[in-house]
Structures are given as C-alpha cells and as structure tokens.
Amino acid sequence: MTDIEIDSESGFCFGVVTAIRKAEEELAASGSIYCLGDIVHNSGEVERLKAKGLVTITHSDLSHLEGVKVLLRAHGEPPETYRTAAQRNIEVIDATCPVVLRLQKRIKELYDSHTGTDRPQIVIYGKLGHAEVNGLVGQTEGTAIVVEDKAGLDQVDFSRPVALYSQTTKSLEGFRAIIAEIESRMEPGVDFKYFDTICRQVSNRVDRLREFARKKDVVLFVAGAKSSNGKILFNHCLAENPRTYLVADSGDLRPEWFTEASTVGICGATSTPRWLMEEVRNALDNML
C-alpha cells in the first residue's frame, strides 16, 4: 500500500486567491467577465473559469473593447493599461496582488524623484516578458533594465548609480547572486542600492518543500508550463529528491515512476489549484 500525501501548504498564494475570488463574484453576478491575460498560469484553472463565463483577452483586444468590465490579474499592469481602459470607458476590476502593487509604487516613486543624469539605472531581476515584469518596467516609461541572470548585467553601465529590484516570485539565492555580481563590477565610489522585494509567502515555501521532498520516495510537482514560480519550486524539490517529476495534470502520470515507492508526495506552485493536486492524487490512487 503506497502512502500518498498532498503538501498542506502548496497551492494558491493569497494574491491568486483574491483574483479568482473577484472573478467568481463577478461571474456569479453577471455571468461573464473579461480577464486581461490568463488569470493564473495554470491551464486547468483557466478552463474551469472559462466554463463559468470568464473570457481571456489580450492587450490588443483591450483597445477594441468599450463599456465593459475587465479584470486585471494578480501580476499587475503598466500605467498604459489603465489609460487605455479609461479611454475606452472600461470598468477595471483590479486584482493586482498587494505585494506587486507596493513594488510598482516603490519603483515609480524612485523613477519620478529623479531626472536626467541624476536618475539611477533601475534594474529588475526577473523574467523578460513576464506579466509582472512588464508592469514594473511600465512604471519607468520602459527604461528599466531587465536581467534574467548574470549575463544580462552586461546591459548595465557600472560607472553610473544602480537601483536593483526583484520580481516578487524570484528565488532569494538568485537575487543574492545578482547583488554579488553587481557589487563586484561597480566602479569605486558609484552608488548601488538594492531592495529585497521577493514575496515571503513564496520564498518561505522553499525550505518547507525541500523538507517535504526529502521525506518521500517519489514527488509529483504539479504546475502549469507557464508558471515561473513552478519552475523554481520544482527545481528545489528535484535538488532534494531525484525522483521528482513535473506534471501538468493526471494525464502525465507514468506507472514506472512508482516502482518500489512506499511514499509519494504531491505538491505544487502558487498558481496550482488544490483541486488539481487532489485530481492527481485520485488518479495515482487508482493507478497503484
């Protein structure tokens, strides 16, 4: 008999919970609502809400709508999105995560408080093109430098002041590595400031997941292909347990993974719904 356990602390972060709650409230009231981009980086949850009337749109679609309601997901949006909505008489239901919103404001305040050559280079450690990062760059009129790794720092002029921020879901280890690299390359006497803007609800899961993975024979990490947070947390589990497998849903399960496994752990990203992890557990239970 194989013991199957779902990690009690895995699943949606509070920002995603709030966004989905707001969507469901509007769907219950009116039967439909537009959402700018996937409400969460999990196709199963997107499809569940689509069946209830959620319509996912792009930024291009937004400029052709008028007089409708549009939900902005937890990732946040650049100022241009709000301007477009106002011009098109669109009612915004803003579900931007409070952590992301505070980060946007901090970056904008720094950007607005300086002009010309006095303005430090604003560097954002994050995934290029990620929705949250696009919203952060938008606070700087598109001038912020996005770096995904140390190689990306070649864009920075180390003879000028630098202010470093992080996408909220990046790893602390990665952020510290970027800080150390910048410090080693800054010219003497040039100002460098960094701000730890990583969400602790996300980062604090790392130690918990590492411990969880160590205690299991096999680990199933459930996450959508688009989830940046999912990739990070999966790799932490894999580092502790080489028998860790990334699955999108129960259809990815393979019987050979569970040979001589008496304990299986199921966990997931901050964008992974609880119902999906339970679905994977039930499918595995039937398989074994």
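Because the model is predicted, local features are reported at pLDDT of at least 70 and side-chain atom pairs at pLDDT 80 or more, whereas totals for chains, interfaces and linings use all residues. Residues are numbered from 1 along each chain as its sequence is written, and side-chain values use heavy atoms, with hydrogens and water left out. Helices (DSSP runs of H or I, at least four residues) and strands (DSSP runs of E, at least two) are numbered from the N terminus.

Four strands form an open sheet in the order β1-β12-β10-β11, with parallel pairing; two strands count as paired if DSSP finds at least two bridges between them. The edges are held by β1 (3-6) and β11 (244-247), each of which has a single partner strand, so one side of each lacks a neighbour in the sheet. On average, neighbouring strands are turned by 20° against each other, direction ignored. Angles here run from 0 to 180 degrees between N-to-C directions, and axes are lines fitted to C-alpha atoms, for helices over the stretch in contact.

Within this sheet, β10 (residues 218-222) and β12 (residues 263-268) pair in the parallel sense over 5 bridges. In that pairing V222 has G268 as its bridge partner in β12, and F221 has C267. Strand β12 also pairs with β1, again in the parallel sense, over 4 bridges, and here E5 stands opposite G265. How many of the residues of β12 are buried? The count is 6 of the 6, so β12 is largely enclosed by the rest of the structure; buried means under 20% relative accessible area, exposed over 50% and partly exposed in between, for a 1.4 Å probe and protein chains only. In a regular strand the side chains alternate between the two faces of the sheet. Both faces of β12 are covered, with T263, G265 and C267 buried on one side and V264, I266 and G268 buried on the other.

Helix α9 (residues 205-214) touches β1, β10 and β12, and its direction makes about 160° with that of β12; contact means heavy atoms within 4.5 Å. Helix α11 (residues 274-287) lies across β1, β10 and β12 and runs at about 175° to β1.

Two packed helices are described by the angle between their axes and the distance between the axes. For α9 and α10 (residues 228-240), the axes come within 8 Å and cross at roughly 40°. That angle makes α9 oblique to α10, given that angles under 35 degrees count as roughly parallel, over 145 as roughly antiparallel, 65 to 115 as roughly perpendicular and the rest as oblique. The crossing is right-handed: a crossing is right-handed if the near helix is turned clockwise from the far one by less than a right angle, and left-handed if anticlockwise. V206, L209, R210, A213 and R214 of α9 make the contact with L233, H236, C237, A239 and E240 of α10.

Elsewhere, α1 (residues 14-30) and α2 (residues 43-52) pack at an angle of about 20° with their axes 10 Å apart, which makes α1 roughly parallel to α2. Their crossing is left-handed, and I20, E24 and L27 in α1 meet E45, R48, L49 and K52 in α2.

Next come the nonpolar cores, each a set of buried Ala, Val, Leu, Ile, Met, Phe, Trp, Tyr and Cys residues joined through side-chain atoms within 4.5 Å. The largest has 17 residues, among which V123, L153, V156, L164, I182 and F192 touch the most other members. Two or more residues each are given by β6 (121-125), β7 (145-147), β8 (162-166) and α7 (172-185), and α7 supplies the largest share, 5 residues. Beyond its neighbours within four places in sequence, V123 contacts I145, V147, V156, V162, A163, L164 and Y165. A second, separate core of 16 residues includes V247, W257, A261 and V280.

Finally, the backbone. Most residues other than glycine have a negative phi. N89, however, is not a glycine and has a positive phi of about 55°. N89 sits in the loop between α4 (79-87) and β5 (91-94) and is exposed, with a relative accessible area of 57%. E141 likewise has a positive phi, near 55°; this residue lies in the loop between α6 (131-138) and β7 and is exposed, with a relative accessible area of 64%.
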